[in-house]
Amino acid sequence: MIEKYQKPAELYDGLRLHQNENTGGCSPKVLAALAALKPDQVGFYPPYEAATQACARYLHVDPDRLSLLNGLDEGIMATAVSYLRARAGVGAPEAIIPEPAFEILAFDTEIVGGRPVRIEPNPDYSFPLQRVLDAITSNTRVVFITTPNNPTGVVTPPDAIRTIAARVPAGAIVFVDEAYAEFSGTSFIPELERYPNVVVGRTFSKAFGLAGLRIGAITGHPDTLEPIRLVVPIYSVNIAAVVAVQAALDDLEFLERYKAQVEQSRELLYAACDRLGLRYWKSAANFVLVDAGARASALAAGAAARGIYLRDRSKEPGLEGCLRVGTGMVAHTQRCIEVFEEVLCAAE
Ligand SMILES: Cc1ncc(COP(=O)(O)O)c(C=O)c1O
């Protein structure tokens with residue numbers, strides 16, 4: 001029995017710090033591009049060439065090595081469908097998933113009849129390379145690596161990716177999810193030419209603030225991408241996302257300003273955690289994993305009652321006591337810290 005994916009509740013009446021979105025929204029240039037859409041653009045099926053080229057330029061890859069996606073979620077599902085689908089007469093295809101992980105990875109694996117092989121974390125959430133290598137079998141079809149990882153914010157060393165790529169059986173791939181790469185400034189993309197069995201997924205939902213429009217991209221060797229491309233519906237990216245991504249990529253100053261806000265927010269949150277006696281892990285992403293111990297659920301509930309939504313993962317194995325807190329615009333983080341202080345002081 002496949003456990004149903006629990007879609008986050010629709011909480012739009014407060015400060016959303018629970019889905020790692022851009023808390024300041026998108027660039028004004030994106031809104032201008034959307035407003036400039038013409039009736040025939042909406043009436044026709046969307047063209048992809050210009051947006052593909054813009055994304056390829058941004059990621060410094062050849063456009064033949066990149067496909068647009070309706071969000072990186074679609075890339076993960078398409079990878080599962082193409083590489084992890086159960087086939088008669090052979091053992092279940094296996095996906096190796098270092099935990100704690102983005103829940104969709106295991107969910108999509110199971111939904112297509114694959115078997116998630118969950119790798120236990122190290123206590124400091126550093127990458128458990130040896131356990132990943134030990135878990136590789138002839139049935140391994142995908143190794144999912146998220147860097148920086150969600151929910152820990154910890155970067156996976158590129159050498160671990162290289163070692164795994166050299167070890168997986170022929171026909172298997174390493175899927176590197178770089179949803180938060182803008183914040184860490186690290187990427188495996190420059191190495192893809194040397195590692196044809198690695199694909200990298202990116203999204204415009206996070207740093208660029210386009211989550212509501214749904215657009216991402218996948219890049220890698222064309223032969224490795226081909227099975228994934230085959231299962232993505234031909235017009236899965238809509239015209240609003242097509243024009244928005246080009247406008248967003250035309251405003252990289254907006255991106256730099258937001259990254260600076262995130263960096264400052266993380267420092268403010270670390271300092272607040274130090275004052276409040278909460279453990280945390282230094283993050284390279286736009287969120288911080290905070291260990292509130294036995295107070296975790298009360299803190300999440302108290303914050304929600306004050307209009308601030310946090311991601312409570314405190315009941316999950318390997319994440320006991322932990323909340324994931326989005327660190328976006330500084331003003332939002334300051335409000336979150338005030339609420340932390342209020343809730344925790346009221347509880348004492
Ligand atoms: C690690 C990771 N990958 C993928 C996604 C999904 O991205 P998108 O909005 O592009 O579907 C998320 C969103 O939270 C994520 O955390």
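Because the model is predicted, local features need pLDDT of at least 70 and side-chain atom pairs count only at pLDDT 80 or more, while totals for chains, interfaces and linings use all residues. Residues are numbered from 1 along each chain as its sequence is written, and side-chain values use heavy atoms, with hydrogens and water left out.

An N or O atom in the side chain of D177 is 2.6 Å from a nitrogen atom of the ligand. The side chain of S205 likewise has an N or O atom 2.6 Å from an oxygen atom of the ligand. For R214, a polar side-chain atom lies 2.7 Å from a ligand oxygen atom. Taken alone, the ligand exposes 390 Å², and the protein buries 93% of that; such accessible areas come from the Shrake-Rupley method with a 1.4 Å probe, and for residues only the protein chains shown count as cover.

R214 also deserves attention for its backbone. Most residues other than glycine have a negative phi, and most peptide bonds are trans. R214 has a positive phi of about 65 degrees although it is not a glycine. It is found in the loop between β7 (198-203) and β8 (216-220); helices (H or I, at least four residues) and strands (E, at least two) are DSSP runs, numbered from the N terminus. With a relative accessible area of 27%, R214 is partly exposed, since buried means under 20% relative accessible area, exposed over 50%, and partly exposed in between (1.4 Å probe, protein chains only).

Y125 has a positive phi as well, near 65 degrees. Its place is in the loop between β4 (115-119) and α6 (129-135), and Y125 is buried, with a relative accessible area of 9%. Two cis peptide bonds can also be located. One runs from T147 to P148, with omega near -5 degrees, and P148 belongs to the loop between β5 (140-146) and α7 (158-167). The other runs from N150 to P151, with omega near 20 degrees; P151 lies in the loop between β5 and α7.

The aromatic rings come next. A pair of aromatic rings is described by the distance of the centres and the angle of the planes. Rings of Phe, Tyr and Trp (its six-membered ring) pair if their centres lie within 6.5 Å; planes under 30 degrees apart count as stacked, over 60 as edge-to-face and the rest as tilted. The structure holds 11 aromatic pairs. In one of them, Y48 and Y235 are tilted, with 6.2 Å from centre to centre and 50 degrees between the planes. Y48 lies in the loop between α2 (39-43) and α3 (49-59) and Y235 in the loop between α9 (222-231) and α10 (239-249), so the pair ties together parts that are 187 residues apart in sequence. Y235 is partly exposed, at 42% relative accessible area. Together, Y45, Y48 and Y235 form one aromatic cluster.

Another pair, F183 and Y258, is edge-to-face, at 6.3 Å centre to centre and 65 degrees between the planes. F183 in helix α8 (residues 181-184) and Y258 in helix α11 (residues 252-276) are 75 residues apart, and the pair links these distant parts of the chain. F183 counts as buried at 9% relative accessibility, and Y258 counts as buried at 3%.

Finally, D291 lies in strand β10 (residues 287-291) and counts as buried at 15% relative accessibility. A polar atom of the D291 side chain lies 2.9 Å from the backbone nitrogen of G293.

Notes. A polar contact is a pair of N or O atoms within 3.5 Å; within protein, one must be able to donate a hydrogen and the other to accept it, and residues adjacent in sequence count only if both atoms are side-chain atoms.
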